[in-house]
Each structure stands twice: as structure tokens, then as C-alpha cells.
Amino acid sequence: MFPTVWVSSPGRWGLREPDCHQDGQQTIGERGFLRTIIQHPRPRHDPKGPRKARMLKKIQICLCFFFVSGILYEISLLSGCFFSYMPMSKHFLTPEQVLNLGKSIIFLETTERLEPTPLVSCSVESAARIYQDRPVILFMKGLTNNTMLDLNSSYAAFSLLSSMKNVFIFPLQMETVFQETPLLQWYNQVVPEQEKNWIHVSSDASRLALIWKYGGIYMDTDVISIRPIPEETFLAAQKSRFSSNGIFGFPAHHKFIWDCMENFVLKYNGNLWGNQGPFLMTRMLKTICNLTDFQGTEDHSCQNISFLNPQRFYPIPYPAWGRYYAVWDKSPNFDHSYALHLWNFMNRNRKAVVAGSNTLAENLYKAYCPTTYEDLIRNGKLRDFTHSEDVA
């Protein structure tokens, strides 16, 4: 259903046998030997034949029991061994294989950009570190099924992200994503070139379809994870009585997400920014919940959906987004937060993290995406300095 394009380096990543199978040939041999014993017993003629036959039968039953128990044990270990990889050039994982594991962390890039920015890299890296037992997937619109490239040689961020064992990078093919959802008919009728906010609208639609089909957590690419989210089914309050769609989590085939997709199509207005995003989530939540103001750091709950306090992801509200790029006398601890949304949409002047600036954002990079900080920020500054000297 999805194309298979894997952009890891060096080599490409495929599943290896879990650690419990490292002596795979020996194990197969032993199983074959056991089957031979079990299936082809040939007791010799003996006066005590019946007695020996009963004993042999007991041995067969024991061997069968241990054999089946071993298989069940190995299956139980499979999920724990899943993220053990070795370079393989011919075995590619498909998005379905990864998504069907469940509980994925999903990021989307709906521009044609092929080079992840440092903030995108930091978002993905921080999630991969916080959720080490879960697949972290970056879907990119710029990749295609015919993309034959070794992006690692051109883009440092690809090499960085693909080196993480639970990070996967796949093409985003919307027609495939929207199959078997209410969004497919809308997608087939809409004309992207005539859409004012297509990058945002297409992202709003894609995140709904992916979470409905496979479940997991969706995060914007400007969200830095700082601790695990304990909820499985949740929406994030941007402020009292208003929901964000920049981060949310649901199990697969949840009715609320299906209803959101239907409303997306029914109330579609591509000219109004956010109408298919945070405003959609808010109006759908209001149909099932009586929203009230938050008190302190409490969370709200309605029909098994947790509506999480703004402190969980938005302790710095959007009017104050620039504080992430300011120097603080005393850095906040964000004790009540699970992740931090850095409001990249507001950052029209493209403020960036600069090595040695001691801004809040720089300190967050150091703490939660240290590899991105070292490779793309600190070493990038050195590379730029060396390049400027060469030019001079």
C-alpha cells in the first residue's frame, strides 16, 4: 500500500534475527532434529517393548512441550528485539510493517523540503530518546517512490536521524494515506495549487488519517519531547476551552478521529487558517464535552478522552513564543510538561539556535537532542567558520 523507500546510511537498515536467534542455523538444526525424533520413532523389537514404548511416548510429549514453549517464548521476545538492526542492502521495511506495531510517534513534513532543519531533527531525536521502545516515523512529502538517493551524503540531518535504531523516514503519499477514510473524496476533488494554506491543510488531513488507521501519537515537527506522555487517548489544550492539533494521541479506529475526518470534509474551508486543524479539534470536542477553564495544573477528561492542561505542552503561550530564543536569568524546569511546542509557525524571522548563545532553546537542545546540537549546531558553526575562511 505504501511505497518502500529507505534512506538510511551507511548501508540500509533491515531486521536482523533477534538476539534470541543469533545462532539461527543451529536452532533450526536442533528443531529439525527434534522433529525427526518426534515424528519418526523407531523402537527396536524388545521383550519389554510396551514399557519402552510408553516411556518413549512420554519423552515425545515432553519434547513437544518444550519445543512449543520455546516458540512461544521467542515470539514474546520479538517485540523487545524488534529494534535490533544490522545493515542489510536488500531488505526494506514498509511503512505498514512499522505502523502495524502500534504506538508509533508520527511526524509529518508536507513541504517538498528534503533537508530536515535542526528543529525538525531535534523534535525527532528527542522523541526517539524518550520513546526508545516505540517506532518514530518521519513522513516526508518530498520523497517519492522513485527517489534513489543517498541523502546521508548530502544532508547531515539524514545521517543523524537514520543512525537512530527506532527512527524511520518514509515518503508521504497522501492518496494512499487517505484510502478508506472520508478524506479520499475530498482529496480527489481539491486542487492544491488553488489552496491558500495547502501545506497546513494537507498536514491536518494526513495526521488524522494516519492516527485513525494505525493509532499512536502525532507530533508537530517543532515539539521537543522531555518526558513520556502517560496518556494513550488525549488532546492537548493550547489554552482553556481550546484544543491544539499539534500533538494528540489515540488508539487505531477511534470514533472521535473518524468524526473529525467527516467534519473536516463537511466544514471544509481552506481559506481560513486552522479551520481544519485546532478549530476542528475544538468544535468536535465541544460536541461531546462541556469545556471549562483549567484550574492549576489539573487535566480534564470527557468520554475517556483526556484533555490535557496547557502546561503539558504549551507552558509558554504563543504570544510569548520569542522567549524560547531569549536568555533567561533562571531556566524554567517545566516540571509539569511532557513536551514543549516551540511555535515555529510564529517564527517568521527565522530565529535559530546558535551555539554559545545560552538561550532557552539552546539549553533544551543540549538536554533533549544532544546529537542534533553537536552535529548541526556546534559542528555546523565550525564548518561555516572554516568555509568562510576558505572563501576569504
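Student: Which residue in β4 stands opposite Ile105?

Tutor: Val136 of β4 is the residue opposite Ile105. The model is predicted: local features need pLDDT of at least 70 and side-chain atom pairs pLDDT 80 or more, while totals for chains, interfaces and linings use all residues. Numbering starts from 1 along each chain as its sequence is written, and side-chain values rest on heavy atoms, with hydrogens and water left out.

Ile105 and Val136 belong to the pairing of β3 (residues 105–109) with β4 (residues 136–140), which is parallel and runs over 5 bridges. Pairing requires at least two DSSP bridges between two strands; strands (E, at least two residues) and helices (H or I, at least four) are DSSP runs numbered from the N terminus.

The sheet around them is open and has 8 strands, in the order β5-β4-β3-β6-β9-β8-β11-β10, with mixed pairing. Its edges are β5 (167–171) and β10 (300–302); each has a single partner strand, so one side of each has no neighbour in the sheet. On average, neighbouring strands are turned by 25 degrees against each other, direction ignored. Helix α10 (residues 278–288) packs on this sheet and touches β8 (234–239), β9 (242–250), β10 and β11 (305–308). The direction of α10 makes about 85 degrees with that of β9. Contact is heavy atoms within 4.5 Å; axes are lines fitted to C-alpha atoms, for helices over the stretch in contact, with angles from 0 to 180 degrees between N-to-C directions.

(Phe, Tyr and Trp rings, the last by its six-membered ring, pair with centres within 6.5 Å; planes under 30 degrees apart are stacked, over 60 edge-to-face, the rest tilted.) Phe242 has 14% relative accessibility and counts as buried, whereas Phe279, at 40%, is partly exposed. Buried means under 20% relative accessible area, exposed over 50%, partly exposed in between (1.4 Å probe, protein chains only).

Tyr314 and Trp343 make a tilted pair, 5.1 Å centre to centre with 40 degrees between the planes. Tyr314 sits in the loop between β11 and β12 (339–341) and Trp343 in the loop between β12 and α11 (360–368), so this pair ties together parts 29 residues apart in sequence. Tyr314 is buried at 3% relative accessible area, and Trp343 is buried at 8%. Elsewhere, ring pairs join Phe178, Trp186, Tyr187, Trp198, Phe264 and Tyr268 into a cluster.

Phe107 is among the residues touched by Ser123, along with Asp220, Thr221, Asp222, Val223 and Ile224, not counting residues up to four places away in sequence. Ser123 is in helix α4 and is buried, with a relative accessible area of 0%.

Helix α8 is another case of burial: 15 of its 17 residues are buried, so the rest of the structure largely encloses it. Gly215 follows α8 and has a positive phi near 75 degrees.
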